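Please keep the sequence and the model in view while reading.

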Amino acid sequence: VRDAGLAHAVAARNYTPTDVGVFEISLELQSDKLLPALEATTATVRAIAEGVTSEELERAKRILEARVVRRLETSEGQANFLAEWAALGDWTLGQQYLENVDRVSTDDVIAAADKYLALERAAIFSYRPTADAPLGWSADRLHAQLGRVSPVIPEAAPLPRANGGRQPISPVREGVEDNVHFYRTPGGVRIVVKPRHGAPLVSIAVALRGG
(Lines give C-alpha, C1' and ligand atoms only; values in the text may rest on other atoms or scores of the structure.)
Protein backbone atom coordinates (compact mmCIF):
# COMPACT_ATOMS: atom_id res chain seq x y z
CA VAL A 1 0.00 0.00 0.00
CA ARG A 2 2.83 2.38 0.85
CA ASP A 3 5.00 1.33 -2.08
CA ALA A 4 2.07 1.97 -4.42
CA GLY A 5 2.06 5.61 -3.28
CA LEU A 6 -1.29 5.45 -1.45
CA ALA A 7 0.09 6.10 2.04
CA HIS A 8 3.11 7.73 3.63
CA ALA A 9 3.34 5.05 6.33
CA VAL A 10 1.65 1.74 7.12
CA ALA A 11 1.93 -0.28 10.32
CA ALA A 12 0.33 -3.45 11.67
CA ARG A 13 0.25 -4.62 15.28
CA ASN A 14 -1.58 -7.05 17.49
CA TYR A 15 -2.76 -6.83 21.11
CA THR A 16 -3.32 -10.37 22.30
CA PRO A 17 -3.56 -10.92 26.06
CA THR A 18 -5.28 -14.02 27.41
CA ASP A 19 -8.90 -12.87 27.20
CA VAL A 20 -9.34 -10.74 24.08
CA GLY A 21 -7.34 -9.83 21.00
CA VAL A 22 -7.21 -7.00 18.50
CA PHE A 23 -5.34 -6.87 15.19
CA GLU A 24 -4.83 -3.35 13.86
CA ILE A 25 -3.60 -1.79 10.64
CA SER A 26 -2.89 1.94 10.67
CA LEU A 27 -2.08 4.28 7.79
CA GLU A 28 -0.91 7.88 7.43
CA LEU A 29 -1.98 9.42 4.14
CA GLN A 30 -3.48 12.35 2.27
CA SER A 31 -7.22 12.53 2.95
CA ASP A 32 -8.11 12.37 -0.76
CA LYS A 33 -6.51 8.90 -0.94
CA LEU A 34 -8.50 7.45 1.96
CA LEU A 35 -10.84 5.21 -0.04
CA PRO A 36 -8.18 3.91 -2.48
CA ALA A 37 -5.90 3.17 0.48
CA LEU A 38 -8.68 1.31 2.30
CA GLU A 39 -9.39 -0.71 -0.84
CA ALA A 40 -5.70 -1.53 -1.29
CA THR A 41 -5.36 -2.52 2.37
CA THR A 42 -8.42 -4.78 2.09
CA ALA A 43 -7.00 -6.35 -1.06
CA THR A 44 -3.66 -6.97 0.63
CA VAL A 45 -5.30 -8.69 3.60
CA ARG A 46 -7.53 -10.77 1.34
CA ALA A 47 -4.52 -11.80 -0.73
CA ILE A 48 -3.25 -13.74 2.30
CA ALA A 49 -5.93 -16.33 1.58
CA GLU A 50 -4.48 -16.71 -1.92
CA GLY A 51 -1.16 -17.76 -0.43
CA VAL A 52 1.79 -16.44 1.57
CA THR A 53 5.29 -17.01 0.24
CA SER A 54 7.99 -18.49 2.43
CA GLU A 55 10.09 -15.37 1.76
CA GLU A 56 7.34 -13.09 3.10
CA LEU A 57 6.92 -15.24 6.19
CA GLU A 58 10.65 -15.40 6.86
CA ARG A 59 10.93 -11.62 6.59
CA ALA A 60 8.08 -11.16 9.07
CA LYS A 61 9.71 -13.54 11.54
CA ARG A 62 13.03 -11.72 11.33
CA ILE A 63 11.35 -8.35 11.85
CA LEU A 64 9.62 -9.64 14.98
CA GLU A 65 12.84 -11.18 16.26
CA ALA A 66 14.75 -7.94 15.62
CA ARG A 67 12.19 -5.95 17.61
CA VAL A 68 12.61 -8.26 20.60
CA VAL A 69 16.42 -8.23 20.37
CA ARG A 70 16.46 -4.43 20.14
CA ARG A 71 14.24 -4.23 23.19
CA LEU A 72 16.59 -6.50 25.15
CA GLU A 73 19.58 -4.24 24.51
CA THR A 74 18.82 -2.22 27.67
CA SER A 75 18.39 -3.35 31.27
CA GLU A 76 15.01 -1.63 31.40
CA GLY A 77 13.89 -3.45 28.27
CA GLN A 78 14.98 -6.80 29.71
CA ALA A 79 13.15 -6.09 32.98
CA ASN A 80 9.93 -5.13 31.19
CA PHE A 81 10.15 -8.18 28.91
CA LEU A 82 10.53 -10.56 31.88
CA ALA A 83 7.84 -8.81 33.93
CA GLU A 84 5.25 -8.91 31.15
CA TRP A 85 5.68 -12.64 30.60
CA ALA A 86 5.82 -13.33 34.35
CA ALA A 87 2.45 -11.57 34.64
CA LEU A 88 1.08 -14.07 32.14
CA GLY A 89 2.33 -17.03 34.18
CA ASP A 90 6.08 -17.60 33.70
CA TRP A 91 9.04 -15.45 32.67
CA THR A 92 10.25 -18.25 30.37
CA LEU A 93 7.13 -17.88 28.18
CA GLY A 94 8.85 -15.09 26.26
CA GLN A 95 11.46 -17.42 24.81
CA GLN A 96 8.81 -20.07 24.17
CA TYR A 97 6.78 -17.49 22.27
CA LEU A 98 9.71 -16.72 19.94
CA GLU A 99 10.29 -20.43 19.39
CA ASN A 100 6.61 -20.91 18.56
CA VAL A 101 6.71 -18.01 16.10
CA ASP A 102 9.71 -19.57 14.39
CA ARG A 103 7.66 -22.74 13.82
CA VAL A 104 4.74 -20.91 12.19
CA SER A 105 4.08 -22.08 8.63
CA THR A 106 2.44 -20.33 5.69
CA ASP A 107 -0.62 -22.54 6.20
CA ASP A 108 -0.87 -21.30 9.81
CA VAL A 109 -0.93 -17.68 8.63
CA ILE A 110 -3.60 -18.39 6.02
CA ALA A 111 -5.76 -20.23 8.57
CA ALA A 112 -5.48 -17.37 11.07
CA ALA A 113 -6.40 -14.81 8.40
CA ASP A 114 -9.44 -16.86 7.36
CA LYS A 115 -10.58 -17.13 10.98
CA TYR A 116 -10.01 -13.58 12.23
CA LEU A 117 -9.61 -11.11 9.37
CA ALA A 118 -13.10 -11.18 7.87
CA LEU A 119 -14.39 -7.77 6.77
CA GLU A 120 -17.51 -8.24 8.93
CA ARG A 121 -15.32 -8.16 12.05
CA ALA A 122 -13.58 -4.89 11.16
CA ALA A 123 -14.01 -1.41 12.61
CA ILE A 124 -12.63 1.59 10.70
CA PHE A 125 -11.65 4.91 12.28
CA SER A 126 -10.54 7.94 10.30
CA TYR A 127 -8.93 11.03 11.86
CA ARG A 128 -9.10 13.83 9.28
CA PRO A 129 -8.54 17.60 9.15
CA THR A 130 -11.52 19.60 10.38
CA ALA A 131 -11.44 21.60 7.14
CA ASP A 132 -12.24 18.50 5.08
CA ALA A 133 -15.80 17.90 3.97
CA PRO A 134 -17.61 15.09 5.82
CA LEU A 135 -17.20 11.69 4.22
CA GLY A 136 -20.90 10.90 4.31
CA TRP A 137 -20.23 7.16 4.27
CA SER A 138 -22.54 4.72 5.98
CA ALA A 139 -21.25 1.42 7.37
CA ASP A 140 -23.35 -0.46 4.80
CA ARG A 141 -21.98 1.55 1.89
CA LEU A 142 -18.38 1.15 3.01
CA HIS A 143 -18.86 -2.58 3.60
CA ALA A 144 -20.32 -2.97 0.11
CA GLN A 145 -17.50 -0.93 -1.43
CA LEU A 146 -14.72 -2.91 0.28
CA GLY A 147 -16.57 -6.19 -0.21
CA ARG A 148 -16.15 -5.85 -3.99
CA VAL A 149 -12.37 -5.55 -3.73
CA SER A 150 -10.42 -8.35 -5.40
CA PRO A 151 -7.53 -9.95 -3.49
CA VAL A 152 -4.85 -8.33 -5.65
CA ILE A 153 -1.93 -6.60 -3.98
CA PRO A 154 -1.35 -3.15 -5.51
CA GLU A 155 1.75 -2.86 -7.66
CA ALA A 156 4.66 -0.88 -6.30
CA ALA A 157 5.76 2.27 -8.04
CA PRO A 158 8.91 1.73 -10.15
CA LEU A 159 12.15 2.30 -8.27
CA PRO A 160 15.13 4.12 -9.74
CA ARG A 161 18.03 1.96 -10.80
CA ALA A 162 20.32 1.34 -7.85
CA ASN A 163 23.48 3.48 -7.97
CA GLY A 164 22.60 4.63 -11.50
CA GLY A 165 24.76 1.86 -12.96
CA ARG A 166 27.93 3.43 -11.51
CA GLN A 167 30.80 1.47 -10.05
CA PRO A 168 30.67 0.75 -6.28
CA ILE A 169 32.18 3.47 -4.09
CA SER A 170 35.28 2.55 -2.09
CA PRO A 171 35.55 4.71 1.05
CA VAL A 172 38.96 5.61 2.45
CA ARG A 173 39.63 4.72 6.08
CA GLU A 174 40.58 7.80 8.12
CA GLY A 175 41.09 6.38 11.59
CA VAL A 176 39.59 5.03 14.82
CA GLU A 177 38.65 6.89 17.99
CA ASP A 178 37.15 5.16 21.05
CA ASN A 179 36.06 2.18 18.90
CA VAL A 180 34.39 4.53 16.40
CA HIS A 181 35.70 3.99 12.85
CA PHE A 182 35.81 6.89 10.37
CA TYR A 183 35.73 6.63 6.56
CA ARG A 184 35.29 9.12 3.72
CA THR A 185 34.02 8.55 0.19
CA PRO A 186 35.69 10.08 -2.87
CA GLY A 187 32.81 12.57 -2.95
CA GLY A 188 33.53 13.77 0.57
CA VAL A 189 30.74 11.96 2.42
CA ARG A 190 31.85 10.93 5.90
CA ILE A 191 30.90 7.48 7.17
CA VAL A 192 31.01 6.73 10.90
CA VAL A 193 30.76 3.13 12.13
CA LYS A 194 30.57 1.86 15.71
CA PRO A 195 30.59 -1.96 15.93
CA ARG A 196 28.38 -3.53 18.59
CA HIS A 197 28.77 -7.29 18.63
CA GLY A 198 26.40 -7.93 21.53
CA ALA A 199 23.26 -7.91 19.37
CA PRO A 200 22.67 -9.31 15.86
CA LEU A 201 21.38 -5.98 14.51
CA VAL A 202 22.52 -3.29 12.09
CA SER A 203 21.17 0.26 12.48
CA ILE A 204 21.77 2.91 9.81
CA ALA A 205 21.17 6.67 9.96
CA VAL A 206 21.81 9.45 7.42
CA ALA A 207 22.39 13.01 8.67
CA LEU A 208 22.46 16.14 6.49
CA ARG A 209 23.51 19.56 7.75
CA GLY A 210 20.76 22.14 7.36
CA GLY A 211 19.47 25.43 8.75
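Q: In what order do the 3 strands of the open sheet stand?
A: This is a predicted model, in which local features need pLDDT of at least 70, side-chain atom pairs count only at pLDDT 80 or more, and totals for chains, interfaces and linings use all residues. Residues are numbered from 1 along each chain as its sequence is written, and side-chain values use heavy atoms, with hydrogens and water left out. Strands are DSSP runs (E, at least two residues; helices are H or I, at least four), numbered from the N terminus, and two of them pair if DSSP finds at least two bridges between them. The pairing here is antiparallel, and the order is β3-β4-β5.

Q: Which strands stand at the edges of the sheet?
A: An edge strand here has a single partner, so one side of it is left without a neighbour in the sheet. This holds for β3 (172-177) and β5 (190-193).

Q: Which residue in β4 stands opposite G175?
A: β3 pairs with strand β4 (residues 180-184) in the antiparallel sense over 5 bridges. Opposite G175 stands F182.

Q: Is W85 buried or exposed?
A: Buried means under 20% relative accessible area, exposed over 50%, and partly exposed in between (1.4 Å probe, protein chains only). Because its relative accessibility is 19%, W85 counts as buried.
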